[in-house]
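Welcome, and please take a moment to look over the molecule shown here.

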Amino acid sequence: MMKAISFRGRPRHDKVSVHIQITSLFDRIRAVQDPKVSISPLLNQWIEEGHTVSRPQLQSLVRAMKDFKRYHHALQISQWMTDCRYLSLTPSDVAIRLDLISMVHGQEQAESYFNNIPKVLKTHSAYGALLSSYVREKSVEKAEATMQKMRGMGFMISSFPYNMLINLYSQTENYDKIEPLIQEMERKSIPCDKFTVRNLMAAYVAASDICAMEKLLNWMEEDLHISVDWNTYSVVASGYLKVGLIDKALEMIKKMESNTPIPERPPAFKHLLSLYARTGHKEELYRVWNLYRPTYEYPEAYSCMIASLSKLDDIEGAEKIFHEWERDCTMYDFRVLNSLLIAYCKRRLFDKAESLVNKAIEGRMPYPSTWSILAKGYLEDKQMPKAVEMLKKAISVGRKGWKPDSIILDACMEYIEGQGDLEEIEEILRLCKNLVIPDDKDIHKKSPRTSAAEENCVSAITT
């Protein structure tokens, strides 16, 4: 099947480079780390200082913020372009804005924006962004309907929409729908690109179709137009590990290691650590760590190594890696600590866990997730008073928009209600006042039961 498909490499987009004239503006925007803080005043100030900013420069800033996953700020720049600089949008600008609205404000607002796009700007780019948003939401019906509209409008001219649907079908386990898409591409002479092949490989792994996975890999390795990268070997190794073929997985991991160019080692490094941990080969895990360990501050690598060692039940090794990072770090990242906390909680080492946190928070503000990990650990160990204590600490440091884990929240509220502790319930309600809680698990819905409990309590006192 695959030999009939031609392959064309997608033109590689260079990394977004911000023009030297707006370096200062870029630095100012980058310094605003909180996504809830508007950068519109900063943009206005830039103009008031007598600087200019062109359409290409603003477009570069939007793409840069999007690449950095700072979607709120990317959207603000996009809107400032039209609202304050009165610049008209190009079809590409419209597609990017639609994608950002979906990620920042949700699907309903994205659909509303799409429906109001002028016809001249409602191109294949806009439809592609809408399709991408449905894939992100795993909305099969809406994605298929959008794809059908694109067919009718003659927009199915590249591999992009097919790649999106292959990815969606893989995520939703609709594997039988993938082959017809490949056949449609063949009929229309639409060549596969590296994303098509990558998504196909991921689909075969998800379906544990090792035969199809191997056939595709062999085809890729034989095709001179395809460069099989480390990511492909990583996916194949995961496929073998999923079905317990350790030796074959190790063979792929070795190929992955030897096919990773130096500039791509940081992202590949974490995959190598995780894969070797899954094989159970601790000596290989340490070999890779000692060979490729970062010479600069890279907290994600340390988090991954700690989690990998925990998987292999090497707590002493995990502690050693943590203390090495803690000794050398210039900026404390609680995600590294969280990795060790998870390991401690799984082994009911709660004294060690709390001691670690109490030392870390001296002069620092922890993430709410730090306390949530402890709350989950105590909940699973049925130490409910401690779980409630940690939940309250998590909520107290949560920013507006942070959502506590609904399972922990419900379990703790149920326990408190069972104890008849009205003051504790009201305290949690007060702490949650400025938080956005998941609609179906809204903590404020506990208030009616709180009132009923209060009535029962009063009744018991007066009788």
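This is a predicted model: local features need pLDDT of at least 70, side-chain atom pairs count only at pLDDT 80 or more; totals for chains, interfaces and linings use all residues.

Residues are numbered from 1 along each chain as its sequence is written, and side-chain values use heavy atoms, leaving out hydrogens and water.

**The whole protein**

The protein has 25 helices and zero strands; these are DSSP runs (helices H or I, at least four residues; strands E, at least two), numbered from the N terminus. Of its 463 residues, 47% are buried, meaning under 20% relative accessible area with a 1.4 Å probe, protein chains only. The accessible surface comes to about 24,600 Å², and carbon and sulfur atoms hold 51% of that surface; the area is from the Shrake-Rupley method with a 1.4 Å probe. Among contacts (heavy atoms within 4.5 Å) between residues at least 6 apart in sequence, 62% join residues at least 24 apart.

**Two helix pairs**

Two packed helices are described by the angle between their axes and the distance between the axes. Axes are lines fitted to C-alpha atoms, for helices over the stretch in contact, and angles run from 0 to 180 degrees between N-to-C directions.

| Pair | Angle | Axis distance |
|---|---|---|
| Helix 20 (residues 350-360) and helix 21 (residues 368-380) | about 165° | 11 Å |
| Helix 22 (residues 384-397) and helix 23 (residues 406-419) | roughly 125° | within 10 Å |

The angle makes helix 20 roughly antiparallel to helix 21, a label for angles over 145 degrees. In their contact, residues including Phe350 and Val357 of helix 20 meet residues including Trp371 and Leu374 of helix 21. By class, this contact has six nonpolar, three polar and one charged residues. Nonpolar covers Ala, Val, Leu, Ile, Met, Phe, Trp, Tyr, Cys and Pro; charged covers Asp, Glu, Lys and Arg; the others, Gly among them, are polar.

Met384, Pro385, Ala387, Val388 and Leu391 in helix 22 meet residues of helix 23, among them Ile408, Tyr415 and Ile416.

**One arginine**

Is Arg97 buried or exposed? Arg97, in helix 5 (residues 91-105), is buried, with a relative accessible area of 9%. Not counting residues up to four places away in sequence, Arg97 touches Leu75, Ser78, Gln79, Thr82, Leu89 and Tyr113. The C-alpha atoms of Arg97 and Tyr113 are separated by 9.1 Å, and the two residues are 16 residues apart along the chain.

Technical notes: Buried means under 20% relative accessible area, exposed over 50%, partly exposed in between (1.4 Å probe, protein chains only). Angles under 35 degrees count as roughly parallel, over 145 as roughly antiparallel, 65 to 115 as roughly perpendicular and the rest as oblique.
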